[in-house]
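Here are my notes on this model, as numbered points. Please read them with the structure open.

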Amino acid sequence: MTIHVTDTLFHLRNDSLSYIMQILPNGYLGQLYVGPAVPLDVDYSYLLEFAARPTSACPFYDNPVFSLEHVKQEYGQYGGSDYRQPAVVMSQPDGSTVTTFQYESHRIEAGKSRLDGLPATYVEDDSEAETLIIVLVDPLTTVRIELSYTLFSSRPVLTRTARFINDGHAEVFLDQAMSACLDLPDSEYEWRQFSGAWGRERHLKTRTLEQGITSIGSIRGNSSAQQNPFVILARPGTDDLQGEAIGCAFVYSGNFLIQAEVDTFDTTRLLVGIHPQGFRWKLRPGSSFQTPEVVFAYTAEGLNDLSATLHSLFRERLMRGQWRDRPRPIVTNNWEATYFDFTEDTLIDIARTAQGVGAELFVLDDGWFGARRGERAGLGDWTPNTDLLPDGIAGLSKKVTDLGIDFGLWVEPEMVNEDSDLFRTHPDWVIQTPNRRRSVGRFQLVLDYSRAEVVDHVFTQLSEVFSTAKISYVKWDMNRSLTEVFSSALPTDQQGEVAHRHMLGVYALLERLTTAFPHILFESCASGGARFDAGMFFYAPQAWASDDSDAVERLKIQWGSSFAYPIVSHGAHVSITPNHQVNRVTPLHTRANVAFFGAFGYELDLNKLSDEEIAEVKAQVAFMKEHRELIQFGTFYRLRSPFDSNVTCWMVVNKQKTKAIVGWYRVLNTVNAPFDRVRLVGLDTTKRYRITGNELVDGRDVVRSGSELHNIGLITSDRNSGDVPQNVTPNRDFDSRLFVLTAE
Ligand code: DGJ
């Protein structure tokens, strides 16, 4: 049992976490405690904070110590004596927005039920979790909210959603319907967010909470490269190795808001949900609205531990399908090799060489369909260009697979070019506002997926391609944000629903295609990493982390991504130098040593490499095949940050602690550098480990105990005749090494 209810108190508890709530005197739901597990047999109502304070408004005339302004709540609402930002704002027929949602009932369910049409974490057996549903009702409108809390039995993870049901006779509008509101008793937190831009996604930024609002969000229609729907609230001084923190991931890929408001009494209200900007949902009598899920994870042992919790949750109980637990194929993608400039022969040549170096999957990127010979035409017409590929995708996929390598294909199903048959036939199928200029992004428009017929059409077209060709992988791209959001298929008073309905349409198509083609490995992409979020991982168990494939840039991107998202999900490829995004020249071994920590592959024309480089690539592929199970499914530890240091260091350890790999990366060479050691973590201190390098290493093996490696450290500094492997000349920028540790 993880959920205990006594009188008016709800205590959700497992070995690592307690979450306690109580019904307040006015029937609202109050928050008492979230943190390390505390005893069950205690009446925690002493945590309710009642005090008469000057200027506070109070719900009851003769109870001056009870004001909503200074009690912690589970779902703050607008219009009473609580002046913090609310979780719900609901417009009613008389124009009012005041609500008084109060406790009505609760129920407990074993396990965790699916969210209709939305991505969410799940259980495979009811014993894995328990769900508490608390029903609140607004007495005047009789609209109900079902607040749902799932506590996993053996993970420090609580998930939340809210569902609105209109049981009344009048229609109402949800102007704001957040997925979760969490009031914390103080504001002693560092807020960590993962921000950036195209090409430099998920850079770690830290802010200290202050009185007022700290927030991130997206109103772009995708979760965005600018802000990722994940934050950490960490106690001051917390780092990767120690300290207390709450991680909060929004399982959604569209507009979002995550904000922390520190109020006048230094409490913190965390709100997570669909961004209220542009949102307005008409709730007709008898209808319901389901918010997306929020995942809260807790640690008392540092951010590596928090990441390990999220990695295993997302890997095991968010990702789905045949590829969930399987090491991912080594890819060769033709995008940076050819861009749009390819013929069938060029593609087959690349695929042949890829097969020769041991790669397992050849991916044909953009440009294979309709009139798509550049960015300006063809999107939306998912029929193969037979001038280019005489036997279509079916023929090309056969030719490629006959070489002994699998075939994968790029699509961008949510988009259309004006210069396309689809747009010429259905100009009203795009998102656009009447009588307003239509903005373009990469010369393309966004299809209106709030319309079922649009989703049906794309499903039919893609199904035709996927079922007639030998396709085992699909890269699902999305290269522009939404603008002028409006649907010609919805009435005036439902235009505030378009962005979310569009997202639901995208999820519906993903669900249909992943169900119809369960053998296909889907990788999501959005101009690189603009939709690298927990929502997409429900459908596609890996995502192209960034269009920036430079090894040095990738250190920061993959480091930031690793806080929430499992290593197996980070699409990471070796590309050519000078690098196409930053023009940097880095050694081939460093490009691979970074990309190994992800879903590995190549994004270059292998036929342009020298014999020496091809030999090195073969060794890299062999190394990845030998170690990918460990790298992609082991426990990942961040050791030294690219944001703080010239040297980045991370490692993975397998479950049995018998194998580990340490990645060491130095951006700039340093003259006459100090000696350096990196203290390793996650090893068995009683074991002895043989330390070798990968195939590129030309050094002597050494044996060190786990205790030495943990307490003294791994020597990583250059030595002329040192006792650690040396794989390259130490006198260069952008150097890196891998150390492979094997228990004896
Ligand atoms: C953006 C993606 O991030 C790239 O990898 C590539 O697929 C292009 N789109 C193709 O247009």
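1. Start with helix H3 (residues 344-357) and helix H11 (residues 611-633): their axes come within 9 Å and cross at roughly 60 degrees. Axes here are lines fitted to C-alpha atoms, for helices over the stretch in contact, and angles run from 0 to 180 degrees between N-to-C directions. H3 is therefore oblique to H11. Angles under 35 degrees count as roughly parallel, over 145 as roughly antiparallel, 65 to 115 as roughly perpendicular and the rest as oblique.

2. Which residues meet? Thr353, Gly356 and Val357 in H3 touch Ile614, Val617, Lys618 and Val621 in H11 (contact means heavy atoms within 4.5 Å). By class, this contact has 4 nonpolar, 2 polar and 1 charged residues.

3. This is a predicted model: local features need pLDDT of at least 70, side-chain atom pairs count only at pLDDT 80 or more, and totals for chains, interfaces and linings use all residues. Residues are numbered from 1 along each chain as its sequence is written, and side-chain values use heavy atoms, with hydrogens and water left out.

4. Now turn to strand S3 (residues 18-23). Of its 6 residues, 6 are buried (under 20% relative accessible area, 1.4 Å probe, protein chains only). Ser18, Ile20 and Gln22 lie on one side, and Tyr19, Met21 and Ile23 on the other.

5. S3 has antiparallel partners. Strand S2 (residues 9-13) joins S3 by 5 bridges, and strand S4 (residues 29-35) pairs with S3 over 6 bridges (pairing needs at least two DSSP bridges). Ser18 stands opposite Arg13 and also opposite Gly35 in S4.

6. Check the hairpins. The S2 to S3 hairpin runs through 4 residues. The hairpin of S3 and S4 has 5 residues between the strands, and Gly27 there takes a positive phi near 90 degrees.

Conventions
Buried < 20%, exposed > 50% of the residue type's maximum accessible area, 1.4 Å probe, protein only. Helix = DSSP H or I, 4+ residues; strand = E, 2+ residues; numbered from the N terminus. Nonpolar A, V, L, I, M, F, W, Y, C, P; charged D, E, K, R; others polar.
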